[in-house]
Amino acid sequence: RHGSVVSVTQTELEGIIAGKPIATPTSTPTPTSTPTPTSNTYSISGFVSPDFSYSESSKPALVSGFKVEVLETGHSSTTDQNGYFIIKDIPKSTSGYSIKISKEGYLFHKINNISVNSNVQLSTQASPIKLIAGDLNGDNAINMSDIIVLAKSFNSISGDFKYSQSIDLNRDGAINMSDVLIIAMNFNKTN
């Protein structure tokens, strides 16, 4: 330890000289209580996925990482490897909440007027909320600007300097015609 003063006992010093390690004291974590939600709070859950077909092997990379947020409360969650999210402790609201779902490379999706009087499931795994892929520059429109962003990394593969996972829309490890086709499928779509 450079620049530190360490206090040792005579026994520890003799152990150091003999080549025995010093036992370092460990702290015992103090448990903290988690607030128990009241009966007036609920959860909002569901599934999210891209709007294009993909293989089962690429599913975890494609469906994870969507941010789902309740705009009025600031509560949020991120989808897991199955595309599932759950946002807990949402206060009861008959006037409704707005839900925003976003991920880099996608148009954001907003769902308005979600009343919360009980637990709410917005979608199922069989029928997920689908986000539109191809907004590579984040301007909430899929157009020539996104094609130009993709063109700068075209024909690159994972590990190349020009490769960017957010531009590799189908997460196959290569920025190629498959990614161009995803943009073409959604060309001129906006929020």
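Contact means that heavy atoms lie within 4.5 Å. This is a predicted model, in which local features need pLDDT of at least 70, side-chain atom pairs count only at pLDDT 80 or more, and totals for chains, interfaces and linings use all residues. Residues are numbered from 1 along each chain as its sequence is written, and side-chain values use heavy atoms, with hydrogens and water left out.

**View 1. The surroundings of Val116.** Val116 is in contact with Tyr42, Ile44, Ile90, Pro91, Lys92, Ser93 and Tyr97, leaving aside neighbours within four places in sequence.

**View 2. The largest nonpolar core.** This core has 33 residues. A nonpolar core is a set of buried Ala, Val, Leu, Ile, Met, Phe, Trp, Tyr and Cys residues joined through side-chain atoms within 4.5 Å. Buried means under 20% relative accessible area, with a 1.4 Å probe and protein chains only. Ile44, Ile99, Ile101 and Val116 have the most contacts inside the core. At least two core residues come from each of β1 (41–50), β2 (67–70), β4 (84–91), β5 (93–102), β7 (109–116), β9 (129–131) and α4. Helices (H or I, at least four residues) and strands (E, at least two) are DSSP runs, numbered from the N terminus.

**View 3. Asn170 in its loop.** Asn170 sits in the loop between α3 (144–151) and α4 (177–185). Is Asn170 buried or exposed? Asn170 is buried, because its relative accessible area is 15%. Not counting residues up to four places away in sequence, Asn170 touches Phe52, Ser58, Leu62, Ser178, Asp179 and Ile182.

**View 4. The chain behind the close-ups.** The chain has four helices and 10 strands. Of its 191 residues, 36% count as buried.

Methods
Buried < 20%, exposed > 50% of the residue type's maximum accessible area, 1.4 Å probe, protein only.
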